[in-house]
Amino acid sequence: QVQLVESGGGLVQAGGSLRLSCAASGIIFGINGMGWYRQAPGKQRELVAAITYSGRTNSADSVKGRFTISRDNAKNTVYLQMNSLKPEDTAVYYCNAEVIVAGRMLPTTYWGQGTQVTVSS
């Protein structure tokens, strides 16, 4: 039906930058909100940033000024530009999307498999 595939994770030193991408594919009529979450070992999954269809954004206080979320509706893709990375940003990053599947009226939330981001001190 619908799948989300993340890419762009990796190992980076503190202060460095990384850009994550997440592309949605499948029988998609449209996508409402999209977002990025992360989960560090031993911690709960938390919202990093979210973006509406029209481009309105919100982000966690811990990443404001450092991370920027954006999307390309034509490509059904959401991005997360991460700058000034800190060791505490180390986590598996997951994208999600509120998808309207073709032929259905109710949106469904889908999750990617995650991409590892490791920030060394």
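Predicted model: local features only at pLDDT ≥ 70, side-chain atom pairs only at ≥ 80, totals over all residues.
Residues are numbered from 1 along each chain as its sequence is written, and side-chain values use heavy atoms, without hydrogens or water. Local features need pLDDT of at least 70 and side-chain atom pairs count only at pLDDT 80 or more, while totals for chains, interfaces and linings use all residues.

**View 1. Salt bridge between Arg-38 and Glu-46.** A salt bridge here is a side-chain nitrogen of Lys or Arg within 4 Å of a carboxyl oxygen of Asp or Glu. By this rule there are four salt bridges. In this one, N and O are 2.8 Å apart. Arg-38 is buried, at 7% relative accessibility, whereas Glu-46 is partly exposed, at 31%. Buried means under 20% relative accessible area, exposed over 50% and partly exposed in between, with a 1.4 Å probe and protein chains only.

**View 2. Salt bridge between Asp-61 and Lys-64.** The closest N and O atoms of this pair are 3.3 Å apart. Asp-61 is exposed, with 64% relative accessibility. Lys-64 is partly exposed, with a relative accessible area of 46%.

**View 3. Salt bridge between Arg-66 and Asp-89.** Here the closest N and O atoms lie 2.8 Å apart. Arg-66 is in the loop between β6 (57–59) and β7 (67–72), and Asp-89 is in the loop between β8 (77–82) and β9 (91–101), so the pair ties together parts 23 residues apart in sequence. Strands are DSSP runs (E, at least two residues), numbered from the N terminus. Arg-66 is buried at 11% relative accessibility, and Asp-89 is buried at 0%.

**View 4. Network of salt bridges.** Arg-38, Glu-46, Arg-66 and Asp-89 are linked in this network.

Terms used. Helix = DSSP H or I, 4+ residues; strand = E, 2+ residues; numbered from the N terminus.
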